[in-house]
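Hi,

Here is the structure I promised to pass on. Have a look at it first, and my notes on what turned up follow below.

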Amino acid sequence: MAKNAEELHSLLRQLADEKAHLERDRQNALTLEHNLKNGLVAPENEKQECNRLLRAYRAMLERSAVEADLVAATKLALGTMIANRTAGGSGTQSSIINNLETFLPVWPKGAPPLALCGCVPPPEDWAITPGHHVAAMVSKKPDTWYLCTVVKPLDKDRYLVEDIMDETGEPPSGKSSGKKRYTLARSKVLALPRWACQDVTATDACYPIGTKVLALYPQTTCFYPAEVARPPTADDPNTYTMHFDDDDHEDGRTRYQDVALHYVVKTRP
């Protein structure tokens, strides 16, 4: 798993570099094209500028091809990481994932929503109670967020959390839970919502369309960057529709996934 994470982190860095270079090439090409179309180039320099424009377009095509390869490699590495933690791994893992809580109690209509009602954040000094589900950043290379349960606060700045997934995929034996525990700084532990909000239109308890969040990828216990495509509705106050980063169909169509409100959270600024 660690090796897969390092590989993914390296690919993401390369992809970010290629995107930056491609944007620079695009801006250069647009500037050259604008100057040529609007007569801003001296006649004696037109041939030279046309050649520069052709080189800029060629560079863009080459960068685009490299970017496409990196996207494919990144998806493959991400797929490997997801495969290690999906419901297909074992009967135990499947049972854990399939029994995840998907419906939260609905906060009464007209009552001001409390902290952890939908997207309402808790106070900065709020202590997460043991047993509460959280998104926990267990690694920064790359940012890796797992669904965990708080075991206990160790002090005002640290928590002991436990991965809800047994890494071995086998039933726990003896006194051991079979689940990995992490000691994490408060900043790396995000409390998940406790309630859904019945009055989704009259409150600020739902992330609006376009909000960048972390969401639990379906059939895994991993959180990934996503964008809200549809917030909860009065008829379905417990579900968001998400578009996960780099998760489109092979033919380029946008892939949308439903995610329970309980597993949608925003990172701290």
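Is Asp 246 buried, partly exposed or exposed? With a relative accessible area of 39%, Asp 246 counts as partly exposed. Before you read on, bear in mind that this is a predicted model.

I began with Asp 246 on account of its backbone. Its phi is near 55 degrees, a positive value in a residue other than glycine. Most residues other than glycine have a negative phi. You will find Asp 246 in the loop between β10 and β11. Gln 219 is another case: it is not a glycine either, yet its phi is positive, at about 60 degrees. Gln 219 sits in the loop between β8 and β9 (222-230), and it is partly exposed, with a relative accessible area of 42%.

Now to Asp 247, which also belongs to the loop between β10 and β11 (257-260). Asp 247 has a relative accessible area of 11%, so it is buried. What does its side chain pair with? There is a polar contact between the side chain of Asp 247 and that of Gln 257, at 3.3 Å. Leaving aside residues up to four places away in sequence, Asp 247 touches Tyr 217, Arg 255 and Gln 257.

Tyr 217 leads on to the aromatics. Together with Tyr 224 and Phe 244, Tyr 217 forms one aromatic cluster. Searching the whole structure gives 3 aromatic pairs. Take Tyr 207 and Tyr 240: their ring centres are 6.2 Å apart and their planes make an angle of 35 degrees, so this pair is tilted. Tyr 207 is in the loop between β7 (196-197) and β8 (212-216), while Tyr 240 is in strand β10 (residues 239-244), so the pair ties together parts that are 33 residues apart in sequence. Tyr 207 and Tyr 240 are both buried.

Next, the cysteines. How many disulfides does the structure hold? The count is 0. Cys 117 is in no disulfide, and the nearest cysteine sulfur, 4.4 Å away, is that of Cys 197. Cys 117 is buried, with a relative accessible area of 0%. Cys 197 is buried as well, at 2%.

Of the elements, β6 gives the most to the lining of the second largest pocket, with 3 residues.

Cheers

Note on methods: Residues numbered from 1 in each chain as written. Predicted model: local features only at pLDDT ≥ 70, side-chain atom pairs only at ≥ 80, totals over all residues. Heavy atoms only, no water. Phe/Tyr/Trp six-rings, centres within 6.5 Å; stacked < 30°, edge-to-face > 60°. Helix = DSSP H or I, 4+ residues; strand = E, 2+ residues; numbered from the N terminus. Buried < 20%, exposed > 50% of the residue type's maximum accessible area, 1.4 Å probe, protein only. Polar contact = N/O pair within 3.5 Å; in protein donor to acceptor, adjacent residues only side chain to side chain. Contact = heavy atoms within 4.5 Å. Disulfide = S-S within 2.5 Å.
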